Amino acid sequence: MSEPQQPPVPPAVHLPAAPQYPAVPHPTAPPYSTAAQHPAPAAGAPAPPTAHPTAYPTPAPEVYPPASPLFPGHLAYRAQAREGNPLGVTAFVIAVATLAVNLFGAVARPLVYSGDGGFEFMLALDNGIGILSFFTYVVALVLALVAVRRSSARLLAGIAIGVAGAGAIGLAFTGLTIALYQYY
């Protein structure tokens, strides 16, 4: 069997394209309604969620280069994690170590008082620990304040400020109270 012969196709004439968004709506399209398209919920039933348009454009997600060619999906967060605050860490260690020495002195106090000649020894030990603790708290506080101003990693420096500040203020008031008790 042979194919039926088709008449020749005339050459195509290029006409301008119709506008993509015509000014007049299509007559078969239903008109837009501002009324809710969902029925009203029954009493006591939760209302259906509604979508609200945002006034601001949403930013595109940032694309980071791969950390290594072996792991192309791995994001380069290691450089941010390595950025630390050594001054803040130092202040934190000094403040916590000083707090630990003060707590050890408070726990050891009843044990030393129970022995012979413990009062004079404990008084000298308390005075020494108190004076050294006050100055180390001040050093930790100054280091932490400098560390907070320098770096973006501020957690340990902030904790050091809290511990050292509270410790220094507490020891200053303790020394002031003891001095006032001696005169009154």
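Visitor: What percentage of the 184 residues of the protein chain count as buried?
Guide: Quick heads-up: this is a predicted model, where local features need pLDDT of at least 70, side-chain atom pairs count only at pLDDT 80 or more, and totals for chains, interfaces and linings use all residues. Residues are numbered from 1 along each chain as its sequence is written, and side-chain values use heavy atoms, with hydrogens and water left out. Buried means under 20% relative accessible area, exposed means over 50%, and partly exposed is in between (1.4 Å probe, protein chains only). Of the 184 residues, the share that counts as buried is 12%.

Visitor: In what order do the elements of the protein chain run from the N terminus on?
Guide: Helices (H or I, at least four residues) and strands (E, at least two) are DSSP runs, numbered from the N terminus. This chain has four helices and two strands. Starting at the N terminus, the order is β-β-α-α-α-α.

Visitor: Why does Thr98 count as buried?
Guide: Thr98 sits in helix α2. Contact means heavy atoms within 4.5 Å, and beyond its neighbours within four places in sequence, Thr98 is in contact with Ser133, Thr136 and Tyr137. Thr98 counts as buried because its relative accessible area is 8%.

Visitor: At roughly what angle do the axes of α2 and α4 cross?
Guide: Axes are lines fitted to C-alpha atoms, for helices over the stretch in contact, with angles from 0 to 180 degrees between N-to-C directions. α2 passes α4 in a left-handed crossing, meaning the near helix is turned anticlockwise from the far one by less than a right angle (clockwise would be right-handed). The two axes come within 8 Å, and they cross at roughly 40°.

Visitor: How many residues of the contact of α2 with α4 are polar?
Guide: Ala, Val, Leu, Ile, Met, Phe, Trp, Tyr, Cys and Pro count as nonpolar, Asp, Glu, Lys and Arg as charged, and the others, Gly among them, as polar. Residues that meet here include Phe92 and Asn102 in α2, and Ile159 and Leu171 in α4. The contact has 12 nonpolar residues and no charged ones, while the number of polar residues is two.
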